[in-house]
Amino acid sequence: MASVVYSHQFSWPARWAEESKTKEGAPNEIVRLDEAVPESDASPATEESIPRAFEGMIGASEALKSVLAHVKTVAPTDSTVLLEGETGTGKELISQAIHTLSQRKTRNFVKLNCAAIPLGLLESELFGHERGAFTGAITRKIGRFELADKGTLFLDEVGDIPPELQAKLLRVLQEQEFERLGSTQTQRVDVRLVAATNRNLAQMVSDKVFRDDLYFRLNVFPIVIPPLRERREDIPLLVEFFVQEFSRRMNRQIDTILASTMEQLTDYPWPGNIRELQNFIERAVILTTGSTLRAPLGDLKSPIESESAGTTLKQVESGHILKILRETRWVVGGPRGAAARLGLKRTTLLGKMRRLGLSRPSPEVAI
Ligand SMILES: Nc1ncnc2c1ncn2[C@@H]1O[C@H](COP(=O)(O)OP(=O)(O)O)[C@@H](O)[C@H]1O
Ligand SMILES: [Mg+2]
């Protein structure tokens, strides 16, 4: 596939900007994935054309670079790392990078999402149990701590660990020892913990739902992963990466992304962060029949609907305009149109809508 050429209104990394000089589309119109697509299917060269920040992570923003600098620094140590960030920001990917960059890389990397396990089973998932430890325990089970011995344990959603288990977790972190359920024999392990949370643990400590001693133990080396809307420069890189990925998987030849599409994707706040973007692009690639990406932009939740919409003037403005547009059923002009209600000229409103990436959900992209 292709190296990628964009029109220049985005703030690309320097080498991309250079490429764009050689192949610009109509001004403000075309974002083009290189036309010189090799006949053969996906070549690995494609992937090299997108700046990979590191360990499979795409992005070039200062915010991401700073996160990755911390990752590199802490990875080779055995210290506990706490990854804090909204859902979909890449916490799991980063935990894997920490493992891969550590001396433990040849040992197990074990994951457990504490929020996904029914409370009654969490203790045995973590620490294992002996046969007969409780009703239903028909065989011995090895817990995640033992599986991760000499390796790394990634505890996702660590804020969801109930208070009664927090003490046991603290003990294993401090002493590296625990007992399986139903056993009096102490197990010793050597586990490096990477914990993640999308909740505010400090607040949970003040609310007395999370033990302060465990919090301090986890918080040895916190890394905060900023949401995608705070590193918008990464959006076009990710869009392009996922378009290439899904095109390859679905055997599509998509070589163009309209600049207006890219602009809207860059303006959208992505409350579900990279995961939401990834799913959106997958859908877009499925919907695309030609060579130009057909993104179902109308499916994006408006900033006003998204929970984590910020409070910047732009977001408030965008939310308000959208509300009026909905009330007027997207009629812009005329005495009852949105422009009149907002006290704006029709052309001014249209200009604002374009800038804010507000467009009527289009029925034509519905499957
Ligand atoms: N910087 C990145 N580059 C490429 N893919 C990413 C990046 N960050 C996250 N992803 C992808 O986004 C999805 C969500 O990431 P994940 O690590 O599961 O987030 P979290 O654990 O914070 O919810 C995964 O499919 C992951 O591979
Ligand atoms: Mg996750």
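This is a predicted model: local features need pLDDT of at least 70, side-chain atom pairs count only at pLDDT 80 or more; totals for chains, interfaces and linings use all residues.
Local features need pLDDT of at least 70 and side-chain atom pairs count only at pLDDT 80 or more, while totals for chains, interfaces and linings use all residues. Residues are numbered from 1 along each chain as its sequence is written, and chains are lettered from A and ligands numbered from 1 in the order in which they are written.

**View 1. The shell around ligand 1.** The shell holds 14 residues, each with its C-beta atom, placed from the backbone, within 6 Å of the ligand. I58, G90, K91, E92 and I274 come nearest. Two or more residues each come from β4 (57-58), α4 (91-100) and α12 (273-287). Helices (H or I, at least four residues) and strands (E, at least two) are DSSP runs, numbered from the N terminus. By class, the shell has four nonpolar, seven polar and three charged residues. Ala, Val, Leu, Ile, Met, Phe, Trp, Tyr, Cys and Pro count as nonpolar, Asp, Glu, Lys and Arg as charged, and the others, Gly among them, as polar. Ligand 1 lies between domain 1 (19-50 + 231-299) and domain 2 (77-224), because both give residues to its shell. The domain bounds come from an automatic or database domain assignment.

**View 2. Helix α10 against helix α11.** α10 (residues 234-250) and α11 (residues 259-267) pack at about 120 degrees, with axes 9 Å apart. Axes are lines fitted to C-alpha atoms, for helices over the stretch in contact, and angles run from 0 to 180 degrees between N-to-C directions. The angle makes α10 oblique to α11; under 35 degrees counts as roughly parallel, over 145 as roughly antiparallel, 65 to 115 as roughly perpendicular and the rest as oblique. I235, P236 and V239 in α10 meet M262, L265 and T266 in α11. Contact requires C-beta atoms, placed from the backbone, within 7 Å. Five of these residues are nonpolar, one is polar and none is charged.

**View 3. Helix α10 against helix α12.** Here the axes come within 9 Å and cross at roughly 45 degrees. The two helices are therefore oblique to each other. From α10, L238, V239, F242, V243, F246, S247 and M250 meet I274, L277, Q278, I281, E282, V285 and I286 in α12. The contact has eleven nonpolar, two polar and one charged residues. I274 is also among the residues that come nearest to ligand 1.

**View 4. Helix α13 against helix α15.** The axes of α13 (residues 313-327) and α15 (residues 346-356) come within 11 Å. They cross at roughly 120 degrees, so the pair is oblique. E317, S318 and I321 in α13 meet K352, M353 and L356 in α15. Three nonpolar, one polar and two charged residues make up this contact.

Notes: Two residues are in contact if their C-beta atoms, placed from the backbone, lie within 7 Å.
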